Amino acid sequence: MSDSPLLEVQSLRAELATRNGPLNMLDGVSFSLNHGRVLALVGESGSGKSATAFSLMGLLDPPARVAGGSVRFAGRELVGLAEAEMRRLRGNRIAMIFQDPMMTLNPVLTIGAQIVETVLAHAPVGRAEARRRARDVLGRVGVPGPEERLACHPHQLSGGLRQRVAIAIALLHQPDLIVADEPTTALDATIQAQILREVRALVTEQGTALLWITHDLSVAEQLADDIAVMYAGRIVERGPAASLLRQPTHPYTAGLIASLPRGRRGSRLTPIPGLPPTLAGRPSGCAFRPRCGVAGPACAADPPWRDRLSGGVSGGAVRCVTPGRAVAA
Amino acid sequence: MSLAAEAPPQQGEPQDGPRSSLATVWRDFAASGVALGSLAVFLLLAGAALLAPWIAPQNPFDLTQLDLLDGRLAPGSRSGAGGIYWLGTDDQGRDMLSAILHGLRLSLLVGIGSALVAGSAGTLVGLAAARAGGRADSALMRLADLQLAFPSILIALMVIAFLGRGIGNVLLALILVEWAYYARAARSAALVELKSEYVEAARCLVLPETRILLRHVLPNCLPSLVVIATTQVARAIALEATLSFLGLGVSVTEPSLGLLIANGRNYVLSGETWISLYPGVALLAVMAAINLAGDHLRDSLNPRLER
Amino acid sequence: MLPWVLRRSFQAGLVVLAMTLLVFAGLHVAGNPVDILVPPDADAAERARIAAVFGLDRPLWRQYLLFLERAVQGDLGRSFIHNRPALSLVFERLPATLELSVLALLLAAGFGISLGLFAGLRPQTLPSRLIMAGSVVGLSLPTFWVGLMLVVAFSVRLGWLPSSGRGDTQAVLGVEWSFLTLDGLRHLALPAANLALFKVALILRLTRAGVREVVHLDYVRFARARGLAPSRVVGVHILRAIMIPIVTVIGLEFCSTIAFSMVTESIFAWPGMGRLMIESIQVLDRPVIVAYLVAVVLLFVAVNLLADLLYRLLDPRVGPADAPANATAGGAR
């Protein structure tokens with residue numbers, strides 16, 4: 001493996017065109033990800049997590065578009081790459097899993113047809129071989145009776161099974177990177193835990209890099225090596241999962257952790273006051289300023305990146321004028 | 001139309017507020033040049049049609065004013081009396097421009113008249129069905145569905161075949177064709193409204209049911225009914241013209257665009273096309289104006305719909 | 001599946017029955033049915049004899065039953081004008097109307113779906129805007145007038161295509177068809193185009209709306225995220241999803257095409273049953289009118305049944321139960 005990371009995203013910007021001019025969906029998103037690592041991208045809805053995923057995949061539809069920055073994947077620049085080239089990567093080297101398993105499979109095609117077409121899109125094999133691979137991959141993700149399932153339509157499977165099918169499709173071509181957009185959110189807790197465990201095992205086994213998007217910090221904790229926290233189209237803090245969760249330095253990260261139901265029984269949850277800004281109403285400077293308990297006049301300017309140095313634990317970076325203050329307070 | 005699943009909103013797209021007021025509907029409507037233009041064309045045509053007896057160069061159905069010597073003159077020809085026939089004349093020396101203006105008058109009368117009657121009757125049926133529920137509701141809606149399954153022209157021709165031609169029977173046919181659309185729309189809109197909180201609040205005040213229906217539910221059904229009315233007016237105008245063209249509409253003494261076109265048909269093969277051409281252009285203009293304005297009105301009333 | 005077909009057929013039977021009741025009532029509203037059944041020049045004795053033969057002196061409900069009984073036997077009276085059984089007259093003209101309507105609908109579906117796909121996939125481009133503007137004009141064009149203008153343009157001015165009649169026909173299974181000969185096709189061209197125009201606009205708008213709705217759905221994005229070729233995303237994933245409402249509408253529009261072919265047939269002197277109907281109304285040849293109505297209602301009910309069946313075959317979610325017994329039922333409809 002080379003020195004440069006598998007995926008390197010730098011200053012990625014995306015815009016949504018509206019009648020009143022473009023709105024910033026992503027405002028300079030940067031992170032990197034290596035083989036066999038799991039990065040959890042955490043944030044509230046509307047923070048730009050999904051927009052990041054779709055930008056990476058080149059699947060942002062008008063009126064939204066990637067407006068700048070760079071996405072380097074295995075040494076190749078993806079921003080501005082020709083659609084035909086991009087298509088060869090999608091589903092092949094970079095696979096994606098969507099949020100709602102009820103919606104991601106075409107309701108009028110059989111499971112088998114949808115897996116087989118994905119095989120045929122990237123591999124020069126015949127139908128029989130494609131079908132054999134389809135059966136194998138369903139078996140690998142723990143779908144019982146794979147042969148019979150191939151003939152099923154999506155509505156005949158449960159939500160959990162459907163998401164397994166989607167995961168199977170993602171694994172078909174042993175991708176280098178899987179982008180998963182909240183794939184367990186729509187499932188109930190037991191199935192979610194089961195799938196997380198299995199995905200983790202598969203990633204370790206195949207050395208795949210995984211970008212896991214979630215609004216649920218506890219999912220990130222179970223699964224991720226690193227965490228990046230997004231707010232209003234920016235990453236505000238990133239670092240190793242354990243360190244970041246134990247000692248958050250950005251007031252927003254700290255707020256997210258404080259609103260998590262865990263720890264001592266009966267301890268009070270402290271929700272973050274206020275609501276995240278709408279796309280049109282993002283404040284200048286630090287966008288978290290209006291909801292932040294420790295914001296000062298300095299926060300009106302764009303906060304710089306700083307190294308995370310909290311309690312002697314270093315690693316990662318934070319974008320705050322006064323990192324660590326909220327946690328201490 | 002709706003497909004099996006609803007589209008999720010684009011990520012990050014700001015959501016529109018709930019119901020829009022009349023002012024915002026108008027602002028949205030007026031923001032489109034096409035919408036304003038088609039409204040202007042419609043008002044112009046409707047105004048000219050309304051004032052036809054006063055502004056038309058001649059009364060095309062007063063035989064004493066017609067000069068057979070002026071028959072089948074091409075557009076732009078001079079009349080014996082010195083005027084100009086801008087759109088030519090038909091075989092009886094009738095000024096086409098005047099005939100078209102009078103024809104538009106009849107078209108709009110028939111179109112809007114049938115929409116008013118069918119709209120009120122259909123809406124009442126729909127509201128009553130939504131309120132009554134149960135068997136009465138399903139019987140009424142089955143009847144409406146059955147009728148909607150049959151093409152409008154077939155229903156209209158049945159009426160004409162059994163009752164004979166004439167403007168009264170044409171109106172009756174149009175009303176019979178149209179009512180079911182309003183009834184269906186009024187019922188589905190009313191069903192939504194009847195479940196809403198403000199109706200529950202009104203019920204708690206023990207307001208009479210008819211008052212709740214007419215004062216509270218009906219106004220909220222109106223937007224969808226108005227949109228249906230625009231398409232129905234256009235359809236009614238087309239259907240009347242078609243029936244009259246086939247000789248199964250209004251009587252030959254009435255000024256119908258369909259009759260004018262049918263009359264010109266005899267001269268089409270000899271190249272004298274203007275007798276059929278211009279009444280059709282007028283028909284197309286008024287229908288396109290109504291359809292376009294209706295399209296944009298629907299969009300303005302449903303701000304969340306994608307254009 | 002079978003119980004559904006039976007139930008649906010039963011409903012269809014009820015519709016036919018309701019329509020016969022309506023036609024029967026119409027006959028009585030329209031005046032003395034004796035007038036319908038005897039030639040206008042018959043004397044009083046002949047009228048009384050006919051009234052007795054057809055049971056017109058009996059109570060209405062008995063008359064209706066008699067009417068039904070005779071209708072089932074295929075006897076709906078004789079045409080005064082042609083002096084032949086009305087029903088066979090109508091059936092003789094059926095093939096001409098069928099080939100015209102089917103061709104028109106095929107044209108409409110072909111042009112409508114492809115233009116609609118284009119306009120739906122690239123909504124902001126100039127061609128798409130032109131297509132949509134054209135569709136409004138298409139919906140606003142009076143069919144009969146367009147027919148006349150087509151004659152002016154292509155027959156009178158350019159002289160490319162004939163403007164009336166069926167041209168040469170070729171017999172298959174004892175029925176004459178125009179679409180099997182070149183000359184017949186030339187004769188079909190203008191009337192079929194005329195009849196198709198409105199439907200093209202309708203189907204293209206429906207297709208476009210469907211595409212605009214479906215392209216943002218997750219399963220279409222997922223199909224793209226899997227790296228499928230655009231032809232497969234559009235041709236399979238999008239088209240299959242929007243085909244369901246389109247097929248239903250095309251089924252319904254077939255009925256309306258048959259009905260509106262009355263207008264087109266009258267303009268192009270196409271010897272179909274629509275033209276026969278118009279002529280019969282003009283001269284009040286009521287047995288033929290009744291025969292046409294009965295034939296058309298039967299046809300419509302059959303087409304609706306078929307469209308429903310096709311709908312169920314296309315959409316596995318409402319389709320025949322082909323699920324393996326152990327499969328878990330999903331939450332979506």
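I take contact to mean heavy atoms within 4.5 Å. I am working with a predicted model, where local features need pLDDT of at least 70, side-chain atom pairs count only at pLDDT 80 or more, and totals for chains, interfaces and linings use all residues. Residues are numbered from 1 along each chain as its sequence is written, chains are lettered from A and ligands numbered from 1 in the order in which they are written, and side-chain values use heavy atoms, with hydrogens and water left out.

**Entry: A:Glu15**

I looked up A:Glu15 and found this residue in strand 1 of chain A, residues 7-16. Helices (H or I, at least four residues) and strands (E, at least two) are DSSP runs, numbered from the N terminus. Is A:Glu15 buried or exposed? I read a relative accessible area of 14%, so A:Glu15 is buried. For the record, buried means under 20% relative accessible area, exposed over 50%, and partly exposed in between (1.4 Å probe, protein chains only). I left aside neighbours within four places in sequence and listed the contacts of A:Glu15; among them are A:Pro22, A:Leu23, A:Pro63 and A:Arg65.

**Entry: salt bridges**

Side chains of opposite charge can pair when their charged atoms come close. I count a salt bridge when a side-chain nitrogen of Lys or Arg is within 4 Å of a carboxyl oxygen of Asp or Glu. How many did the search of the whole structure find? It gave 30 salt bridges over all chains.

**Entry: A:Glu44 and A:Arg291**

I found a salt bridge between A:Glu44 and A:Arg291, with the closest N and O atoms 3.4 Å apart. A:Glu44 sits in the loop between strand 3 (38-42) and helix 1 (49-57), and A:Arg291 in the loop between helix 11 (251-258) and strand 11 (305-310), all in chain A, so this pair ties together parts 247 residues apart in sequence. A:Glu44 is partly exposed at 22% relative accessibility, whereas A:Arg291 is buried at 10%.

**Entry: A:Asp61 and C:Arg224**

Next I checked A:Asp61, whose side chain meets that of C:Arg224 in a salt bridge (3.0 Å, N to O). This pair joins two chains, because A:Asp61 lies in the loop between helix 1 and strand 4 (64-73) of chain A and C:Arg224 in helix 9 (residues 218-225) of chain C. A:Asp61 is buried at 11%, and C:Arg224 is partly exposed at 21%.

I noted one more salt bridge, between the side chains of A:Glu85 and A:Arg76 (2.5 Å, N to O). A:Glu85 is partly exposed at 27%, and A:Arg76 is partly exposed at 35%. I also found A:Glu129, A:Arg132, A:Arg133 and A:Asp136 joined into one network by salt bridges that share partners.
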